[in-house]
Every structure is written in C-alpha cells, then in structure tokens.
Amino acid sequence: MKKGVFLPLMVAIFAAIIYAMIVNSAEKKLNAAKNIKQVLVPIRDIKEREVIKRDIIRPVPVPAAYLQKDAFVYSTDSDLKAIENAVARIQIPKGNQISKYAVTSLSPEAGLSSKIPVQMRGYIISVPVATASMIKPDDNVDVLLTFEATMKTGTRQTVAVTLLQNVKVLGVGADLGQGLDARTANAMKNKDEEAAAYSDNSTLSLALSPRDAQYLALAQKEGEVSVILRSHGDVNNYLMEIATFEKLFN
C-alpha cells in the first residue's frame with residue numbers, strides 16, 4: 001500500500017474509534033439519565049441523635065449514576081417505614097441523600113434523650129411489671145401519690161392525690177416505641193422476662209417539665225407513687241380532690 005494512502009486511512013480509522021467512544025459515552029450518560037431513582041433526603045438539617053420523622057424527609061429523583069452507596073431508595077410509602085423512627089448517628093445536612101450507615105435504630109443504645117421533647121426532661125420511675133406490661137410508649141398516664149398526712153384535727157390519715165396529669169410515656173423498659181420486627185421484638189421480650197425473673201419491677205420513662213420532675217422526686221421520698229393509664233383521646237386536666245378513707249366511707 002502506498003504511503004500516501006496508508007496515512008489518511010489510519011487517520012480515518014483513528015477518527016472512527018474516537019467518534020465511537022464519544023457516542024458510547026453519550027449513550028451511557030443518556031441511559032443513566034433515564035434510569036432515575038427516588039432517594040430520601042431531609043427537608044432541613046437533621047441533628048445528631050435526632051429521631052427521624054416522616055414529615056422531615058421527602059423523596060427526590062436522582063440519576064442512578066449519582067446514587068450514593070447504601071442510600072435509602074423510595075418506591076412506595078412502605079419504604080418510609082425503614083427509616084421512620086430511626087436515629088441519626090451524625091448530622092445530616094438538608095438535601096443530602098440519607099445513607100444507612102448514617103442512622104441507627106431507636107433503642108436504649110441510641111439513648112433516651114433522642115425522644116425527649118425540647119425543654120422537657122426524661123424521668124425514669126420504677127413500676128410493677130404487671131403495670132408496665134399494660135403500658136406502651138406514647139401512652140399518657142396520670143401520676144398518683146399515696147402518703148400519710150396530718151389532718152387539721154391532728155390525726156394522721158392515709159391520703160391519695162393526683163400529682164401529675166396527662167404525662168407522656170417515652171419508653172417502657174427497653175421499648176422506646178422503635179417499631180421492632182418480630183425477631184427483635186421477641187428477643188427484647190425474652191430479655192425483659194429474664195430481667196423480671198430477678199425483680200418484680202420494670203421502668204417507665206416519662207416526659208416531664210423540670211418543675212414537675214422536682215415535685216415527683218419529692219413525692220417519691222414522701223410516699224408511694226403509682227401511675228394510671230389514660231385514654232388516648234383524653235387530654236384534659238381535671239380538678240381532683242384529695243382522697244381519704246374518711247371521705248370514702250362517708
């Protein structure tokens with residue numbers, strides 16, 4: 001083959017290869033753009049150890065090529081359950097893809113403080129196991145105090161007062177309302193049953209104002225504290241008189 005023909009031929013082949021590479025790259029980008037995934041991102045910054053709620057996350061479209069490793073992908077509302085009530089291990093900035101390594105399950109390991117409302121305190125009290133078994137996280141209870149009081153007549157009587165009303169239960173034992181799968185729930189149940197074998201009591205974690213926490217601490221030194229369960233729909237506070245045996249039998 002003549003030199004004058006060979007060189008243009010090689011240039012043409014080289015140009016064809018470059019063109020094919022450009023076309024192939026463009027096709028890949030086009031296919032990646034068409035392969036869109038919905039990923040979950042926060043609508044505001046999520047603080048470290050904050051409980052993730054449904055109203056602070058939303059799905060956004062992202063090309064599959066830009067999908068982060070272990071990101072929470074959204075296809076149906078059931079996918080939200082995988083992240084709802086999880087706790088952020090680290091701060092997650094607004095708009096960032098939420099990856100699985102950045103969250104952990106809501107549990108004692110994540111800390112009770114994750115569930116305590118702002119300006120409230122988490123107060124832990126001991127209650128009989130039978131009582132704790134009938135109460136669930138996010139229930140509301142009233143706190144009663146039974147103690148001996150000196151009456152106006154100078155006599156001593158046992159009285160009962162409603163000390164606090166409409167108190168939110170943050171957790172019952174190790175259950176913080178994390179929404180467990182069957183396997184984990186059974187494991188936690190077995191753990192609680194083993195603990196109950198050595199004690200007749202369990203614990204309730206209550207959300208109290210700093211003032212109410214102080215009064216409850218005083219009440220526990222003065223007499224016996226107990227809790228009664230309220231209806232979910234009953235959020236009213238009632239004027240309650242002091243209960244005495246004298247009033248009971250009269």
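The legends below describe close-up views of a predicted model, beginning with the chain as a whole.

In this predicted model, local features need pLDDT of at least 70 and side-chain atom pairs count only at pLDDT 80 or more, while totals for chains, interfaces and linings use all residues. Residues are numbered from 1 along each chain as its sequence is written, and side-chain values use heavy atoms, with hydrogens and water left out.

**View 1. The protein chain and its secondary structure.** The protein chain holds five helices and 10 strands, taken as DSSP runs numbered from the N terminus (helices H or I, at least four residues; strands E, at least two). Of its 250 residues, 29% are buried, where buried means under 20% relative accessible area, exposed over 50% and partly exposed in between (1.4 Å probe, protein chains only). With contact defined as heavy atoms within 4.5 Å, 72% of the contacts between residues at least 6 apart in sequence join residues at least 24 apart.

**View 2. Helix 4 and its buried face.** Helix 4 (residues 210-222) has 13 residues and reaches 19 Å from its first C-alpha to its last, close to the 18 Å expected at 1.5 Å a residue (the expected span is 1.5 Å times one less than the number of residues). Ala213, Leu216 and Ala219 are buried in this helix; seen down the axis of helix 4, its buried residues fall within an arc of 120°, so they line one face of the helix, the arc being that of the directions from the helix axis to the C-beta atoms. These buried residues pack against strand 5 (121-128), strand 6, strand 7 (156-172), strand 8 (201-208) and strand 9 (224-229), whereas the face turned away from the buried side carries the exposed residues Arg211, Gln214, Leu218 and Lys221.

View 3. Asp139 is placed in the loop between helix 2 (129-132) and strand 6 (140-150). Asp139 is buried yet has no salt bridge, the nearest side chain of opposite charge being Lys168, 7.6 Å away; a salt bridge here is a side-chain nitrogen of Lys or Arg within 4 Å of a carboxyl oxygen of Asp or Glu, and for charge Lys and Arg count as positive and Asp and Glu as negative, with His and the chain ends not counted. The side chain of Asp139 does make a polar contact with the side chain of His232 (3.1 Å), a polar contact being a pair of N or O atoms within 3.5 Å, of which, within protein, one must be able to donate a hydrogen and the other to accept it, and residues adjacent in sequence count only if both atoms are side-chain atoms. A polar atom of the Asp139 side chain also lies 2.8 Å from the backbone nitrogen of Lys136.

View 4. By the rule used here, the count comes to eight salt bridges. Lys115 forms one with Asp138, the closest N and O atoms being 3.6 Å apart; because Lys115 lies in the loop between strand 4 and strand 5 and Asp138 in the loop between helix 2 and strand 6, the pair ties together parts that are 23 residues apart in sequence. Lys115 counts as buried at 17% relative accessibility, whereas Asp138 is partly exposed, with a relative accessible area of 38%. Arg230 forms a salt bridge with Asp234, their closest N and O atoms being 3.2 Å apart, and Asp142, Arg230 and Asp234 are linked in a network of salt bridges.
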